[in-house]
Amino acid sequence: IKFVREDYDVKRKAAQTANDSEKMQRLDRERILFEQATRTLMNRTMNTDLVPSRENWGSLALYAARNFKKINVLRYMGSPLIASQTDWATISLSHSIGPHLVSLGRSIGKIHKASKDINNRELAFLQHGMEQSMSLSRTGNIVGLTDAHYNMGFGSGKVRKVSAGIEAGLNWMTSHLMGINLMRSWNSTQKYISGNVILGNLLDDAAQMASGGTGKYRWRDLGLSDDMKRIHRLTEKHGVEQQRLGQVFRVPDMMKWPTEKGGLDAMRAVHMAMKRGTDRAVITPSSADMPMFHSNVIGQMLFQFNSFGFGSTNKYLRNLSYRAVNGEAFDMANNIALTLALGTMSFVIKEGIVKGRFDDGTMPTEAATYTFEAIDRSGVIGWLAPYFNAAMKLSAQPLTDLGLPMEKLSRMQSQDWFAPILGPTIGGGASDVEALFANLTAGEADQLYTKIKRFVPFGNLFYVDAIMNYAEDTN
């Protein structure tokens, strides 16, 4: 900011000397906007919460925005493990599963060739990762709640103590939810297995490039360019030989790299590449995925759960588009089909098994319902998903009247059509409160019980949901 401010001062003096008042005003506006954008980006990169004094709404609004998000996480994030089956599709795209499927297809009916054709290095890396995945402690957080730096609560004195105590309790519950809903184990295991494939491909390409050849993968996308020869040299000197599925490869001992010249820089480059690669393979939103307006109070209220949608757009859809225009259409088409199939599987598990709709005979049979459920739950439309969900809620009855029968989309089915667009606080929360009071005044005990369940923390954990549904059906 200091350097750019000085640069603008030089340009403004030149404009003042030329008596160009219009240019002076434009430079002043640009400098203010640049400073605001840079400060916002800095806060988001460090995951620092907004400073109350910089917002007209004051600290109470910021406090509400933070904690409504945590309350909604406790209400709605009980079943992301079921929806996360589509991780398998993004992992396969990241590691180009197409050639493996081609190899497998050629081997059908040729059992004596199968082991030779499928015995490739990526499967060896995968085997190595699967064997050790249970010992991993690295975790992922898909809702962006951890490591935020801010002073809890709002106000002063007793108000600050009470509000900080409430927020501390919500922080404790949300931090434990990722373990209770099994997402922490899912993310860490998937990322570790995927990371082994990324690391194995990286070391293979580093060896190839060190001998004067060219690599197979686009490592510049992961921040590596001139480091490959150094990485190979360090792995050869400080590495451990492994053997899986008939393949021999070396695993680097990076704890010893900093003792070598340039070793610390190489280690940091590999760590950064691994993080970027695993965050792409198992989609993990970052601050860079979110638009700037997400950092203000209104943005936090409206786009609380859209970070995954924006992350999918940047990390998955852009990867698809790259393959589409670079001669890898088979990988792209195969992956979209796999993603849609996994989205359908997520719908069947959640609605048919967890909610028991197979047993009570209410599971839909219309082809259109399964088609639109696959699109909605697969993530293939990225940040447009909430708008697609709202449009399909409005379109279900008109499409049925036109001869294309379908149910309303099951995700957020009980909420109004605008709830996905306005977010879980203004859309879902307000609708649920309104419905709760309507059931209360009408004396509808069964409906009231259902609405109250939605406000209970951890109430929609998929296995708790299944047990409660079973108990209610038995009664």
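**A helix pair, a cavity and a hairpin**

Let us start with α14 (307–325) and α15 (residues 329–354), two helices that pack at an angle of about 145 degrees, with their axes 7 Å apart. Here the axes are lines fitted to C-alpha atoms over the stretch in contact, and angles run from 0 to 180 degrees between N-to-C directions. Helices are DSSP runs of H or I with at least four residues, strands are runs of E with at least two, and both are numbered from the N terminus. This is a predicted model, in which local features need pLDDT of at least 70 and side-chain atom pairs pLDDT 80 or more, while totals for chains, interfaces and linings use all residues. Residues are numbered from 1 along each chain as its sequence is written, and side-chain values use heavy atoms, without hydrogens and water.

On the α14 side, the contact (heavy atoms within 4.5 Å) is made by Tyr-316, Leu-320, Arg-323 and Ala-324. α15 answers with Ala-329, Asp-331, Met-332, Asn-335, Ile-336 and Thr-339. By class, this contact has 6 nonpolar, 2 polar and 2 charged residues.

Strand β1 (residues 239–244) pairs with β2 (residues 247–252) in the antiparallel sense over 6 bridges; pairing takes at least two bridges found by DSSP. Val-240 has Val-251 as its bridge partner, and Glu-241 stands opposite Arg-250. Between the strands lie 2 residues, and Leu-245 takes a positive phi near 50 degrees.

Conventions. Ala, Val, Leu, Ile, Met, Phe, Trp, Tyr, Cys and Pro count as nonpolar, Asp, Glu, Lys and Arg as charged, and the others, Gly among them, as polar.
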